[in-house]
Amino acid sequence: MKESQMKNLKLNYHMLESCNYGCKFCFARYAKSEHLSLTEMQKLIVRIAESGFFSAINFAGGEPFLMNELPDLIAFAKSLGLGTGVITNGSLLTIERLNKVLPYLDLIGISFHSLNDEIKRNMGFCSKNKTLLSNERLTEIVRFIRSNSNCKVKINTVVNAFNKGETLFPFIQDISVDRWKVLRCQSFGNNDDLLISDEEWNSFCERNKGGINTVFEDTMKDTYIMVNPMGMMLKEASNGREYEEIGSVLEGDLKELLLQHPLHVEEYQKRYI
């Protein structure tokens, strides 16, 4: 990344690897399962806010709502002047939890990959005991958020071998979200059986075009600024299947870390509302 590009950046802080779902296409997997202490998390957020390079932080995982400290961390980031977002599978979004975070939250991204419960379970978009977020419950959650806050709502969908034939656009449009981000399943670890062909990807995109604010992402390579649960800024390894650590956000020089980040700025900027 060039120094001239180091402004108004958004950082995805994958605060923990643990998740109550088992999505087979998940790209948020790291070599270590530990995470920072609350004090270290706060220090990391302060460094991000005071660096002058970042305008927002997205809390992600794993599933960030598994962490009891999440509402306090979102409020803390907001108090430092950062825009705030959270990326979730939606399964833990009770009214009580939403009421704790919505006053301090600018954006919530909710994963949604299929209208069909059997397909959801086949792709691992469910808990170990096969419970899942129903279409009806997702609709209720989105409508509650929109009725009780100014928080924007984004839906994230990963197109893979299980859902490649679906038409999701009418449902997404009906629940009235601010953005629909459609990602093509990428090769991470042992998931090559989930990958789709160019023809299948193009067919899905053509079938699901519509008037809502939709972004189709064919690749995610070098289009995220990611920090792992131990506070290490990451970049994709040359094999495209793993991550390499650039350095510690807690201890390193953030300017030097960003200079080493191979961010594809144009593709990165398309991602955000």
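**Entry 1: the pocket.** I looked up the largest pocket and found 35 residues lining it, with Cys-26, Phe-27, Ala-28, Gly-62 and Ser-111 nearest its centre. The elements that each give two or more residues to this lining are β1 (9–14), β2 (54–60), β3 (83–88), β5 (152–159) and β6 (179–184). I note that the model is a predicted one. For the space in the largest pocket I recorded about 610 Å³. By class, its lining divides into 16 nonpolar, 12 polar and 7 charged residues.

**Entry 2: Gly-62.** I returned to Gly-62, one of the residues nearest the pocket centre. It sits in the loop between β2 and α2. The peptide bond that joins Gly-61 to Gly-62 is cis, and I read its omega as near 10°. For context, I noted that most peptide bonds are trans.

**Entry 3: helix α1.** I next examined α1, which runs over residues 38–50 and has 13 residues. From first C-alpha to last it reaches 18 Å, close to the 18 Å expected at 1.5 Å a residue. Which residues of α1 are buried? I listed Met-41, Leu-44, Ile-45 and Ile-48. Seen down the helix axis, the buried residues of α1 fall within an arc of 95°, so they line one face. I recalled that an α-helix has 3.6 residues a turn, so residues three or four places apart point the same way. On the face turned away from the buried side, I found the exposed residues Thr-39 and Glu-50. The cover over the buried residues of α1 includes β1, β2, α2 (70–79), β8 (226–227) and α8 (254–259). Just after α1, Gly-52 takes a positive phi of about 85°.

**Entry 4: helix α5.** I then turned to α5, residues 135–148, with 14 residues. Its reach from first C-alpha to last is 20 Å, close to the 20 Å expected at 1.5 Å a residue. I listed its buried residues as Asn-135, Leu-138, Thr-139, Ile-141, Val-142, Phe-144 and Ile-145. These pack against α3 (95–101), β4 (107–111), α4 (117–122), β5 and α6 (169–175).

Entry 5: Most residues other than glycine have a negative phi. I looked up two residues in this regard. Asn-8, in the segment before β1, has a positive phi of about 55° although it is not a glycine. Is Asn-8 buried or exposed? I found Asn-8 exposed, with a relative accessible area of 56%. Ser-176 lies in the loop between α6 and β6 and has a positive phi of about 60°. I recorded Ser-176 as partly exposed, with a relative accessible area of 37%.

Note on methods
Residues numbered from 1 in each chain as written. Predicted model: local features only at pLDDT ≥ 70, side-chain atom pairs only at ≥ 80, totals over all residues. Heavy atoms only, no water. 1 Å grid on protein atoms, 1.4 Å probe; cavity = no way out; pocket = protein on both sides within 12 Å on 5 of 7 lines; lining within 4 Å. Points joined across faces, edges and corners; volume = space filled by probe spheres on them. Helix = DSSP H or I, 4+ residues; strand = E, 2+ residues; numbered from the N terminus. Nonpolar A, V, L, I, M, F, W, Y, C, P; charged D, E, K, R; others polar. Expected span 1.5 Å × (residues − 1). Buried < 20%, exposed > 50% of the residue type's maximum accessible area, 1.4 Å probe, protein only. Arc of directions from axis to C-beta. Contact = heavy atoms within 4.5 Å.
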